[in-house]
Amino acid sequence: DGARKLYLQVAARWPDQPIAGEATLRAASSLVQAYDAPQFVKVKQGVAMLEAWVDSHPHDPMIAVMWQYLGDTYFLPLADNARALKDDAAAKEYYTKSLACYDHADAIGWTDFGNHGPLLWRSAIISERIGNIPSAIKYYTQNIIQTPNSGKAYESQLALKRLGAPVPPIDIYHKAKG
C-alpha cells in the first residue's frame, strides 16, 4: 500500500513525463498482485486504474506493456477463477476483454517481439474459447510465421487444419544463410 501511494504521487507530480505511465503501471500492478480471491476487489481496482490510463494516454511509451498486462490480468486471475467457479458467462466476458487487450498489444507491437509466441498461442486459444474463429486463425498463423521456435508452431498447424484454414509451413531453417 505504501509503495502504491508513492507511485501515485510520482504520477501526479509529473503527469506529462514518461515516468507517470510507469508509476501508474506499478501502482496498478501492486493491486493486481494482491490476487484477493474470490471477489478480486483489489485486482479489479488495478484493472480500472490501467484501463483509465490507456484510454487517456494512448501514446504512452509503456502502452504496449500496459495492454499486455491488462490482457494477462483478465486471463489470470479473473477468467481462470471464473472458469474454476463454473461461471461461464463471467469467464467469457473476461476472455473477451483479455483478447481485446492482446489485440491492442499486437497492433502496437508486442513488448518482447520474437519471444511473444506464448501470447500468440494464448490469444488463439482464447479466441477459440469465445467462438471468434477468424481471430483464432489469425493468431495460430502468426504463431507459426512469427515465432516458429515457440514450441507451439506444430500445435498451431494442427489447430489450423482442424479449423479448415490454410496451414503455413514451419520455416525455421530456410531463412538461415549458408
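Good morning. The model is a predicted one, in which local features need pLDDT of at least 70 and side-chain atom pairs count only at pLDDT 80 or more, while totals for chains, interfaces and linings use all residues. Residues are numbered from 1 along each chain as its sequence is written, and side-chain values use heavy atoms, with hydrogens and water left out.

Let me begin with the whole protein. The protein has eight helices and zero strands. Helices (H or I, at least four residues) and strands (E, at least two) are DSSP runs, numbered from the N terminus. The pattern along the sequence is therefore written α-α-α-α-α-α-α-α. The C-alpha trace spans about 55 × 45 × 25 Å along its principal axes.

Of the 178 residues, 42% are buried. Here buried means under 20% relative accessible area, exposed means over 50%, and partly exposed lies in between, with a 1.4 Å probe and protein chains only. The accessible surface of the protein is about 9,800 Å², and carbon and sulfur atoms account for 57% of that surface. Such areas come from the Shrake-Rupley method with a 1.4 Å probe; for residues, only the protein chains shown count as cover. As for contacts, meaning heavy atoms within 4.5 Å, 51% of those between residues at least 6 apart in sequence join residues at least 24 apart.

I turn now to the backbone. Which peptide bonds are cis? One runs from Ala 37 to Pro 38, with omega near 5°. Pro 38 sits in the loop between helix H2 (18-32) and helix H3 (41-56). Another cis bond joins Leu 76 and Pro 77, with omega about 25°, and Pro 77 is part of helix H4, residues 63-84.

The loop between H2 and H3 also contains Tyr 35 and Phe 40. Tyr 35 has a positive phi, near 40°, although this residue is not glycine. Phe 40 is likewise a residue other than glycine with a positive phi, near 55°.

Next, consider Thr 73, which lies in helix H4. Why does Thr 73 count as buried? Thr 73 counts as buried because its relative accessibility is 3%. Leaving aside residues up to four places away in sequence, Thr 73 touches Val 32, Val 43, Val 47 and Leu 78. One of these partners, Val 47, is 26 residues from Thr 73 in sequence, yet the C-alpha to C-alpha distance is 7.6 Å.

Finally, helix H8. Within H8, residues 153-163, the buried residues are Ala 153, Ser 156, Gln 157, Ala 159 and Leu 160. These residues lie on the same side of H8 because they cover an arc of only 165° around the axis. The arc is that of the directions from the helix axis to the C-beta atoms. Tyr 154, Lys 161 and Arg 162 are exposed on the other side of H8. What do the buried residues of H8 pack against? Their partners are helix H6 (117-129) and helix H7 (133-146). Just after H8 comes Gly 164, with a positive phi of about 75°.

Thank you for your attention.
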